[in-house]
Amino acid sequence: MAIIEGFNMPDELYYHTEHSWAKLEGDGKVRIGMSDFFQQQAGNVVYVDLPDEGDEVEQGEVCGKVQTRKWIGKLVAPISGGIIEVNEEVNDDNTIINKDPYGKGWVLVVEASNLDADLANLIHGDKVPEWIKSEVKRAEELKAKGKNN
């Protein structure tokens, strides 16, 4: 478990630049959710719009929405494939994403169609700290810019 700049970013996960994560579960199945960075920056989740089981998603495609009091964020698929499970608990209690983004707050399970190629496009391992530090800097710059306007 890695804490980077105050954000919990587990080492075993793969991250998309839009802050979704992918966890390999074996047999080509991949569990997907939103990162701790996403949930902390977004604030309290008040609504989630998820795709349906049986839908196909492509890596980098917006496949759902996560709404907070501040804004509407995109759920971007980190992995291509067919959706085999949707976390209905997240629909019933949106705050699970804030409380437990890597446990009960997962959003989808996908049967990967292009796993090795997709994983090569994601952020993993020793690249995660540098990426999070740049994301923190970018968030601070955006916040400063907003205060100056």
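This briefing looks at charged residues and how they pair or gather. The model is a predicted one, so please read every value below as computed from that prediction. Side chains of opposite charge can pair when their charged atoms come close.

**Salt bridges**

- Let's start with K74 and E18, which form a salt bridge with their closest N and O atoms 3.8 Å apart.
- K74 sits in strand β9 (residues 72–76), while E18 belongs to the loop between β3 (14–15) and β4 (20–26), so this pair ties together parts that lie 56 residues apart in sequence.
- K74 is partly exposed at 41% relative accessible area, and E18 is partly exposed too, at 32%.
- Next come E25 and R31, whose salt bridge has its closest N and O atoms 2.8 Å apart.
- R31 counts as buried because its relative accessible area is 19% and the cut-off for buried is under 20%; E25, at 36%, is partly exposed.
- D93 and K99 also meet through their side chains in a salt bridge, at 3.7 Å from N to O.
- In this pair, D93 is partly exposed at 29% relative accessibility, whereas K99 is exposed at 62%.

**The negative patch**

- A patch of negative charge lies on the surface, and its residues include D52, E53, E61, E85 and D92.
- Helix α2 (residues 88–92) supplies the largest share of this patch, with three residues.
- D92 has its place in helix α2, and its relative accessibility of 68% makes it exposed.

Key: Residues are numbered from 1 along each chain as its sequence is written. This is a predicted model: local features need pLDDT of at least 70, side-chain atom pairs count only at pLDDT 80 or more; totals for chains, interfaces and linings use all residues. Side-chain values use heavy atoms; hydrogens and water are left out. Patches are made of residues with over 30% relative accessible area and no salt bridge: like charges are joined within 9 Å, nonpolar side chains (Val, Leu, Ile, Met, Phe, Trp, Tyr) within 5 Å. Accessible areas come from the Shrake-Rupley method with a 1.4 Å probe; for residues, only the protein chains shown count as cover. A salt bridge is a side-chain nitrogen of Lys or Arg within 4 Å of a carboxyl oxygen of Asp or Glu. Lys and Arg count as positive and Asp and Glu as negative; His and the chain ends are not counted. The place of a charge is taken as NZ of Lys, CZ of Arg, CG of Asp or CD of Glu. Helices (H or I, at least four residues) and strands (E, at least two) are DSSP runs, numbered from the N terminus. Buried means under 20% relative accessible area, exposed over 50%, partly exposed in between (1.4 Å probe, protein chains only).
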